[in-house]
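This report describes selected features of a single protein chain. Please inspect the sequence and the structure before reading on.

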Amino acid sequence: MGRLALAAGVALSLMAGLANAGTVAVTADRLLDVRTGKYIDSPLVVITDGRITAVGKQGELTAPADAETVALPGLTLMPGLIDMHVHLDSSPLYGGYNGLAFTDNFWTVVAVKNAEATLKAGFTTVRNVGADRYNDVAIEQAVEEGLAIGPRIVPATYAIGATGGHCDSTYLPPSVDISSPAVADGPDANRKMVRKLKKYGARVIKICATGGVFSNDAVGVQQMTLEEIQAVTSEAHMAEMKVAAHAHGPEGIRAAIAGGVDTIEHASLVDDEGIRMAVKAGTFFGMDIYNTEYTQSEGAKNGVRESELKKDRDIGEVQRQNFCKSLKAGVKQIYSTDAGIYPHGDNARQFAVMVRYCATPLQAIQSATINSAEALGQSKDVGEVKVGAWGDLIGVRGDPLADVTVLQSVPFVMKGGEVIKAP
């Protein structure tokens, strides 16, 4: 056996051993407390049966005698990152009509590959807000059963939308009579659709309150009434489910906030009143301010239509300016990237764009940790390195508070005490 093969075999054996260990002790040069922005030098994190049981400084805290040790000299520890807006069964390589060349279940296999890339990029939790054929439930179940490698997945299944709207099927002529299975018109139909999606595995509800970029409609036009939105949110909240609203235009954003949604996705053309309403209601904004760079540079060759490229150009800079404006006004920001519009695994590229548009590095990091955990309703489980949370850790080289681009290349990933990726 060659030295490279031997080294690989040893690494795999070590990782397999750690995966089966009841207790793991992780050490590093320092640990970032994402809530305070302060560092803990020479940290020790103890994880038992997947959950963090102790956090402290080496010397002050002692690892259990039977613990497996993971030493990460030179690395800074952080909690696993959270992306609140992904589409695991989508790929930007098949834009426009190119995706019609593949059989239906091709996209389930695409989701398997994308889930692994996402986890290895340091994103240990994702919210999948819109999938076809319940693919996000399928990949979530495969990950939980150990049949696939991926993050913790909160699936929305299909996104609910109006007939002919952004979340309906609008690419085909009338002779090909296809509608999205989650089309709903009127309050009662929307309420029933929430119940149906929950029945088949949804753990969050996504609605399309306005038009969008990648569909045959005006990007900002409102497509759901206030009464329809309220029917969705009341039904979902009764079932202890959060609601995310795709909303670009100001009227749709205001209606979604008034209707009680928990997060506004995109929020591109939000006006001053929408920002004021979001601050008062505590509504989160998830503004995908990176992906336009990929769409404009690569979209045409991937098959994206010029009509869609133009819409993306028209709102890209406006959305970024409104991100800064809403952040300064006090709107709570979550980390939503719309992965699938750009390649999965590049999720961390948005941090630098957030900092370029007036966020501090800590604010950008908090959007992908404690803020997103709060918006998920999972603050006790994810988003921080603290006792009781899942043992989801990443290790980065350098100082993420000085240079957020270090998050684009994560050498160490641990999920639930299991080493997924090691330097």
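What is the strand order of the open sheet of three strands, and is the pairing parallel or antiparallel? In this predicted model, the order is 6-7-8 and the pairing is parallel. Strand 6 (81-86) and strand 8 (152-155) form the edges, each pairing on one side only. On average, neighbouring strands of the sheet are turned by 15 degrees against each other, direction ignored. Four bridges join strand 6 to strand 7 (residues 123-128) in the parallel sense, and D83 stands opposite V126 of strand 7.

Helix 6 spans residues 250-258, and its buried residues are P250, G252, I253, A255, A256 and I257. These buried residues pack against the elements listed below.

| Element packed against helix 6 | Residues |
|---|---|
| Helix 5 | 226-238 |
| Strand 10 | 242-247 |
| Strand 11 | 263-266 |
| Helix 7 | 272-281 |
| Strand 12 | 284-286 |

After helix 6 comes G260, which has a positive phi near 95 degrees.

The largest nonpolar core holds 75 residues, of which I205, I207, I264, F285 and F351 touch the most other members. Helix 6 contributes the largest share of this core, four residues. Leaving aside residues up to four places away in sequence, F285 touches residues including I257, I264, A267, V270, G274 and A278. Its contacts also include S326, V331, K332, Q333 and I334. Another core, of 16 residues, lies apart from the largest one; V24, V26, F412 and V419 are among its members.

Technical notes:
Residues are numbered from 1 along each chain as its sequence is written. This is a predicted model: local features need pLDDT of at least 70, side-chain atom pairs count only at pLDDT 80 or more; totals for chains, interfaces and linings use all residues. Side-chain values use heavy atoms; hydrogens and water are left out. Buried means under 20% relative accessible area, exposed over 50%, partly exposed in between (1.4 Å probe, protein chains only). Helices (H or I, at least four residues) and strands (E, at least two) are DSSP runs, numbered from the N terminus. Contact means heavy atoms within 4.5 Å. Two strands pair if DSSP finds at least two bridges between them. Axes are lines fitted to C-alpha atoms, for helices over the stretch in contact, and angles run from 0 to 180 degrees between N-to-C directions. A nonpolar core is a set of buried Ala, Val, Leu, Ile, Met, Phe, Trp, Tyr and Cys residues joined through side-chain atoms within 4.5 Å.
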